[in-house]
Amino acid sequence: EGEEDPAEAAMCLDRARKAQRAAAKKAADRAAFGQLFRPRAASTPGGGSSAGRGGSLAASAGAGTPEQPIDLDGGEPSRDGKRGAAASTPESEAEMTTWFAFSALTGRLHAFGDAPEPLPGGMGANALPCAIADADEAALPAALREPRALRAAQLWLAQWEGLSPSQRAAVQDRPVKSPALAASSAAAAGSSSTTSHAPSTVRQTTAERWAESHRPPGVVEVDYVTCDWKTSGVRDPRVWRQHFSLHSGRPLCLVCVQEHEPRPDSPFCSEGCAASYAAASSQGAGRRQVYDRDRGVCAACGFDAHRLYRQIAALATGPERMQALQRTHYPTKGDRIGRLLRDPKEGDFWEADHILPVEEGGGESDLSNLQTLCVPCHADKTRRQAQSSKERKRQAAAKGTADLRSFFAGKA
């Protein structure tokens with residue numbers, strides 16, 4: 001009578017794990033927020049105020065004006081696509097002379113001045129993107145009501161709106177002048193990896209395969225040794241294959257292949273490296289990371305597939321769900337539709353897609369090679385890939401054979 005129900009205990013454990021993941025993500029966002037907005041210097045050498053370093057924008061903020069309070073629970077930027085002046089396209093990169101940063105924690109755009117370097121800690125001027133796009137003076141701080149500053153913020157947001165979720169993740173929480181240019185630079189830096197990871201046609205990796213493909217660059221094998229070891233102090237101990245430096249005896253992180261302090265519970269130097277390996281070794285972990293970054297918004301068409309899932313799941317009957325689906329670009333025929341009408345799952349609405357397909361070498365990859373695609377866009381991409389693969393196989397089979405058309409043309 002007093003025994004605990006196993007099902008209820010499992011549900012409690014699952015809720016506790018979800019709460020821990022949510023708390024960890026919120027703590028990471030707050031850490032990034034705190035790193036972005038460091039305390040501002042009170043004055044510059046020679047008695048001048050820090051406003052002088054920020055150019056005209058910093059001057060318009062006012063040296064004695066208290067910083068605007070930042071609402072950590074502020075609303076999210078509008079996703080309805082209704083942008084005012086920010087919908088225009090910047091005439092040239094030369095116009096992007098002001099530093100701005102988009103905070104993932106607050107959903108606000110923060111101004112950092114138009115000096116050669118961004119002001120430490122910012123100008124204390126921030127606003128929601130919708131207020132900037134609509135030029136809502138009642139919702140804008142004094143520094144962003146100035147016409148030149150407002151125009152600069154709108155041009156910045158115009159580029160921001162054109163970025164994909166993965167590009168935004170690479171740019172947010174740091175001051176940049178041009179988000180498009182910064183995203184391109186981040187992508188170029190990410191593509192030139194410091195490890196010797198070769199293209200792979202295997203979807204998920206293992207510790208052994210990962211260690212084999214991630215070796216220290218420019219280091220001969222006599223400088224390190226590869227060993228298997230078992231974690232301790234964790235709920236589910238597991239065996240890892242890892243490289244160790246023969247000079248220092250310290251382990252090399254499985255992902256970045258840099259020396260780090262030994263940890264009995266992990267072969268990684270940081271949570272970021274652990275997340276990279278998790279995405280490469282588990283489809284479920286990769287999907288969770290894609291959702292944390294993209295929030296279920298399709299990278300191809302911009303459709304909010306997660307929102308559609310929540311709307312469909314909230315409906316009580318199959319006919320109601322069918323009527324709702326018929327108002328979208330989702331197919332209402334096929335094998336998937338019956339299950340979707342009976343018991344909709346989020347996997348029926350969007351896919352964690354490999355940008356570089358697995359069959360072309362995009363396997364065993366981390367979050368950088370994953371994107372959100374709604375089911376219709378994923379089906380279109382799969383169809384195009386199948387046609388391309390069929391054509392490559394046809395050309396490979398025909399290689400070295402004669403073209404009969406030239407033979408009959410010569411007879412004529």
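Reader: What makes the place of Arg263 a loop position?

Author: Arg263 lies between strand E5 (239-245) and helix H9 (271-281), in the loop that joins them. Helices (H or I, at least four residues) and strands (E, at least two) are DSSP runs, numbered from the N terminus. The model is a predicted one, in which local features need pLDDT of at least 70 and side-chain atom pairs count only at pLDDT 80 or more, while totals for chains, interfaces and linings use all residues. Residues are numbered from 1 along each chain as its sequence is written, and side-chain values use heavy atoms, with hydrogens and water left out.

Reader: How do you know which residues Arg263 is in contact with?

Author: Contact means heavy atoms within 4.5 Å. Leaving aside neighbours within four places in sequence, Trp229 and Phe268 meet that test for Arg263. Pro251 is 12 residues from Arg263 in sequence, and the C-alpha to C-alpha separation is 8.9 Å.

Reader: What makes Ala135 and Glu364 worth a look at phi?

Author: Most residues other than glycine have a negative phi. Phi of Ala135 is near 55 degrees, a positive value, and phi of Glu364 is near 55 degrees as well. Ala135 sits in the loop between H3 and H4, and Glu364 in the loop between strand E6 (350-354) and strand E7 (370-374).

Reader: Is Glu364 called buried or exposed, and why?

Author: Its relative accessibility is 3%, so Glu364 counts as buried. Ala135, at 34%, is partly exposed.

Reader: Why are E1 and E3 called edge strands?

Author: Two strands pair if DSSP finds at least two bridges between them. The open sheet has 3 strands in the order E1-E2-E3, with antiparallel pairing. Strand E1 (100-102) and strand E3 (126-127) each have a single partner strand, so one side of each has no neighbour in the sheet.

Reader: How do you know that E1 and E2 pair?

Author: E1 and strand E2 (residues 109-111) are joined over 3 bridges in the antiparallel sense, where the definition asks for at least two. Phe102 stands opposite Leu109 in E2. Helix H5 (residues 147-161) packs on the sheet and touches E1 and E2, with its direction at about 45 degrees to that of E1. Such axes are lines fitted to C-alpha atoms, for helices over the stretch in contact, and angles run from 0 to 180 degrees between N-to-C directions.

Reader: What makes a group of residues a nonpolar core?

Author: Its members are buried Ala, Val, Leu, Ile, Met, Phe, Trp, Tyr and Cys residues joined through side-chain atoms within 4.5 Å. The largest has 27 residues, and among those that touch the most other members are Phe100, Leu109 and Trp156. H5 gives the most to this core, with 8 residues.

Reader: How do you know that the buried residues of H13 line one face?

Author: In helix H13 (residues 335-342), Ile337, Leu340 and Leu341 are buried. Seen down the axis, they fall within an arc of 95 degrees, so they line one face of the helix; the arc is that of the directions from the helix axis to the C-beta atoms. On the other side of H13, Asp335 and Arg342 are exposed. The cover over the buried residues of H13 includes helix H11 (305-314) and helix H12 (318-326).

Conventions. Buried means under 20% relative accessible area, exposed over 50%, partly exposed in between (1.4 Å probe, protein chains only).
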